[in-house]
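Biologist: I would like to go through this structure with you and ask what stands behind each term. Please set the values against the cut-offs as we go.

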Amino acid sequence: MRCMLKIEWNRLLRSPSFWGALLLGMFISMSQYREVVLSALGYQESIAAKNLSLTYGTLMPHGVFEKWIGGELYSFWSYTFFMILPLLCTAPFSASLYTDRKSGVIKNYFVRNEKKNYYFAKYAVTFLASGFVVVLPLVVNLLLTSATLPSLLPEASTGTYPLDGSSMWVELFYTHPYWYIMRYLLLIFVFSGLMACFSLSLGLVSDNMFTILSFPFIYSLFSYAVFRDPQVYGLVPVRFLKPSQSGTFIQFETIVMYMVILAAVSLLAIVKGVRSETV
């Protein structure tokens, strides 16, 4: 088991797609910080230089929780990051099972290792790598934003925060916003990993790499286009994976349902792979 994990980690670290996805995510994160966060800081400094109040109305100070990439709704960079999130999580390693089958290298692994060790290592590395690639840019952006803007406790009365009474974990957001963000980052990590494992499973039944890598992204776009009624916004990954929750009626139970389906497909794929007499 350890041997296969080490092999798969080394393969991941030598994968251009892993580093490419990570660099793309970091580029978007840094671009949002430069365009949105630093602009907000410049605005506040200009107001302070004029000795104007930063207390009421349009002069309310900008804070971390409304300007970091997961907290604001309207910038191009925030929208783009969460729109392509399914691609960021599948790019690092989700095609590796398909390429192993296609090249025949999987047969060499099975000669030296048990099938269950191979599949466990494959899915474990895919899950962890995908969550890391997606969450690291968010964490870096949050840390930079918190070092730039004040961590003002969100006030619903200001109208600057998108979460309302129907939002998921709304009480936690308005009382302990950093705990809310940590919980949401964990949710994003797990969901991203499961999406990547789902795509990895497609490598057992599909001979089309485009389908394997893009299926979660295509479904996300499809759901975004079809589920336009606010009552079903909770079915749209683009909406419920964003901590600012760009939509009402997002429920944790619906997200868990998605995760159970993704996990079940991955588990069935592992069982099928281990029991299969062919590769």
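Biologist: Which residues have the most contacts inside the largest nonpolar core?

Modeller: They are F81, L85, L138, Y180, I188, F191 and I255, in a core of 56 residues. The model is a predicted one. Two or more residues of this core come from each of α2, α3, α4, α5, α8, α9, α10 and α13. Helix α10 gives the largest share, 11 residues.

Biologist: What makes such a set a nonpolar core?

Modeller: Its members must be buried residues of nonpolar kinds, such as Leu, Ile and Phe, joined through side-chain atoms within 4.5 Å. A second, separate core has 13 residues, L97, Y118, L204 and A269 among them.

Biologist: What does L85 touch, leaving aside its neighbours within four places in sequence?

Modeller: L85 is in contact with V134, I188, S192, M195 and L241.

Biologist: Why is K122 called buried?

Modeller: The cut-off for buried is under 20% relative accessible area. K122 has a value of 0%, so it is called buried. This lysine is in helix α8. Not counting residues up to four places away in sequence, K122 touches E8, R11, F93, S96, L97, D100 and L200.

Biologist: Is W169 buried or exposed, and how do you know?

Modeller: The relative accessible area of W169 is 19%, and the cut-off is under 20%, so W169 counts as buried. W169 sits in the loop between α8 and α9. It also has a positive phi, about 60°, although it is not a glycine.

Biologist: Why is L23 called exposed?

Modeller: Exposed means over 50% relative accessible area. L23 comes to 59%, so the word applies. L23 belongs to helix α2.

Biologist: Which residues make a nonpolar surface patch with L23?

Modeller: L13 and W19 make the patch together with L23, and its area is about 330 Å². What makes it a patch is that nonpolar side chains within 5 Å are joined, given residues with over 30% relative accessible area and no salt bridge.

Biologist: Why is α4 said to be largely enclosed by the rest of the structure?

Modeller: Because 6 of its 8 residues are buried. The buried residues in α4 are W77, S78, T80, F81, F82 and M83.

Biologist: How do you know that the buried residues of α7 line one face of the helix?

Modeller: The buried residues in α7 are I106, Y109 and F110. Seen down the helix axis, they fall within an arc of 95°, so they line one face. They pack against α1, α6 and α8. The face turned away from the buried side carries K107, N108, V111 and R112, which are exposed.

Biologist: How many helices and strands does the protein chain have?

Modeller: There are 13 helices and 0 strands.

Biologist: What share of the protein chain is buried?

Modeller: Buried residues make up 50% of the 279 residues. The accessible surface of the protein chain is about 13,500 Å², and 67% of it belongs to carbon and sulfur atoms.

Biologist: What share of the contacts with a separation of 6 or more joins residues 24 or more positions apart?

Modeller: Such residues account for 74% of those contacts in the protein chain. As for dimensions, the C-alpha atoms fill a box of roughly 75 × 40 × 30 Å, taken along the principal axes.

Note on methods:
Residues numbered from 1 in each chain as written. Predicted model: local features only at pLDDT ≥ 70, side-chain atom pairs only at ≥ 80, totals over all residues. Heavy atoms only, no water. Helix = DSSP H or I, 4+ residues; strand = E, 2+ residues; numbered from the N terminus. Buried < 20%, exposed > 50% of the residue type's maximum accessible area, 1.4 Å probe, protein only. Contact = heavy atoms within 4.5 Å. Patch = residues over 30% accessible without salt bridge, like charges linked within 9 Å, V, L, I, M, F, W, Y side chains within 5 Å. Areas by Shrake-Rupley, 256 points an atom, 1.4 Å probe, with all protein chains shown as cover. Salt bridge = Lys/Arg side-chain N within 4 Å of Asp/Glu carboxyl O. Arc of directions from axis to C-beta.
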